[in-house]
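Trainee: Could you take me through this structure step by step, as I am seeing it for the first time?

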Amino acid sequence: MNDHTVKAFDEDITRLRGLIAEMGGLAELSIQESLEAMLKGDAALAKGVVKRDKKIDALESEVDKLAVRIIALRAPMADDLREVIAALKIAGVVERIGDYSKNIAKRVKEVEERKHFEPLTLLPAMGEIAAEMVHDVLTAYAARDPILAREVIATDEKVDAFYNSIFRNVVSYMVENPATISSAAQLLFVARNIERIGDHATNVAEMVHFAATGNYPPDEDA
Amino acid sequence: MDRSGTPLWPGLALAAATSIALVAYGVNPWLTLAVALVWAGSLFLIAINPPAEEIIKVEDPFSSDNMAQLVEYSGTPILVMEGSRITVANRAARKLLGKHIIGQDMRVAMRHPKAIKLLESKKNGAANIQGLVRRRDVWRINRQNLGNGVSVVELLNQTAETDIARSHTDFVANASHELRTPLASILGYVETIKDSEGNLPPEKTEKFLDVILGEGRRLQSLVSDLMSLSRIEAEKHDKPRENLPLAKLIERASKDAAGLERADRLEFDIEKDMTVLGDERQLEQLVRNLVDNALKYGDTDGKVTVSLSETDNAEAKISVTDTGNGIDPEHIPYLTKRFYRTDPGRSRAAGGTGLGLAIVKHIVERHLGRLDIASELGQGTTISARIPAQDT
């Protein structure tokens, strides 16, 4: 992006992007730690994730304020306006991603008998892909890279496929081991949350694409 | 006079000499004197007003531009921040974090919460961060303030170190596990025999003693394998120097590995004798391990072919082929890992240590060669080592 005549505008935009990146970094760490806490049953780690969500929320409201201020005071046009609008929306989505991680962390204590609980071993691979998506989409945002954003969108299929297979697996496990139904049901929610994280990463990718090019990426299904 | 840089006296002397010469040639002495005076006068004028000194401007070698150039080609990623904005990123940093980071908020470049905390604080410091660029890597960030809100950030890749540390602990854990298993059965059987106070039937005792002997041997071969592995690793970087003809060596080592009872299963296919630069003991061990594997894991009465041939690249190719079950393709990439077994039960029963191919790989590497494993399920396996040949 070229420099602007009004230097203050540059500074504002830079700060806005910085805030989004900071939110993203926190959300990324939350995903990772919530899954780790879920696997190991680490209550302290889970608590840290829940606490971190407050910070993400605070950052989101800071982004909101700054974005509104930029629009009100500087009346940005064209790609500048797109940038600000995208930032506003992305902040909302990243906050949701943080919420899903928090939700996973909250379920940590609901899952019992981790050692002999097979379905748990399916989660890391799925979580890995979703975390990768969030990581890549934030990198795409930082670099204003529409190509990487499209790659992220393409990855979402994998997460969905994973979700379906985990769903089937867990349900059949429930049938065979009725004693663990409540834990297994919690896992279904966790898998659902990861799947939602993937979807939201896709949303962010679309907005990154929009901010960079001015149009939304072509829908592959259509 | 000194200021002028050109001494006055040679000029005057030249003028005087010319005047004397002119007089000597019979030119009017007065005219000569006048010329000499003008000449000397001009010399004095120049001496009094030396040409203006040239002022050479030396640029400040430590301006911020030059500093950026100074770090530009460093292999370590280096950033310079003014406040929280990145103003300079050298080539390595741009490669690592992307070209877009210059002029951006540092949080855009490094969004890990620990990195942000370090870079936002006004203090010097360092932090280890996992997942800075790719999700598995580990970087150490050093931040140093230069004053005026300017700070230098240096990024050091620690991924390899972390990996080495991890593989080291893995190795120790594996090795101690492998050592403990035979020890446990030795101790168990010895205790049983001891506790029975001689009431055990002799054939039982005999059986137990056999187990103890077998496990003891396994322990022995494990320890010697571990030792040769560490010896080979220690010598990894000095090249072998002996000129070794391979044909005899291969035959000797193969027979050695087969022993008397399996010797008839061996077949040799040696095109021509070749010489390589090698370490005799290690190459023998290489052949022994390959032949032993082939005899052990191939069909119990199938033939094992040991061949030596020349490749197009002037390499000596030692191949050991067996007929048997073959190896599942998914195992092949891991075969040379220490303690990796495709079928742990079978390998242990056959007295394997899980180190044979790891040793082979290290020996081949030390000889600057290459190891190929080709296997077809149900057909058999061919493992070949290619080692650069010497001209003979």
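This is a predicted model: local features need pLDDT of at least 70, side-chain atom pairs count only at pLDDT 80 or more; totals for chains, interfaces and linings use all residues.

Trainee: In which strand is the place of L266(B)?

Mentor: Helices (H or I, at least four residues) and strands (E, at least two) are DSSP runs, numbered from the N terminus. L266(B) touches S254(B), K255(B), A258(B), V304(B) and V306(B), leaving aside residues up to four places away in sequence, where contact means C-beta atoms, placed from the backbone, within 7 Å. The run that holds L266(B) spans residues 266-270 of chain B and is strand β7.

Trainee: How many residues of helix α12 of chain B are buried?

Mentor: Helix α12(B) covers residues 356-366 and is mostly covered. The buried residues include G356(B), L357(B) and H362(B), and what covers them includes α8 (202-234), α10 (280-297), β11 (370-376) and β12 (380-390) of chain B. Of the eleven residues in α12(B), the number buried is nine.

Trainee: What is the count of buried residues in α2(B)?

Mentor: Helix α2 of chain B, residues 29-48, reaches 28 Å from its first C-alpha to its last. That is close to the 28 Å expected at 1.5 Å a residue, the expected span being 1.5 Å times one less than the number of residues. This helix is hardly covered, and among its 20 residues the buried count is zero.

Trainee: How many residues of chain A are in contact with chain B?

Mentor: On the side of chain B that touches chain A, the elements that give two or more residues are α5 (106-109) and α6 (113-120) of chain B. That side divides into three nonpolar, five polar and five charged residues, where Ala, Val, Leu, Ile, Met, Phe, Trp, Tyr, Cys and Pro count as nonpolar, Asp, Glu, Lys and Arg as charged, and the others, Gly among them, as polar. While chain B brings 13 residues to this contact, the number from chain A is 17.

Definitions and conventions:
Residues are numbered from 1 along each chain as its sequence is written. Chains are lettered from A and ligands numbered from 1 in the order in which they are written. Two residues are in contact if their C-beta atoms, placed from the backbone, lie within 7 Å. A residue is buried if 20 or more other C-beta atoms lie within 10 Å of its own, exposed if 12 or fewer, and partly exposed in between; C-beta atoms are placed from the backbone.
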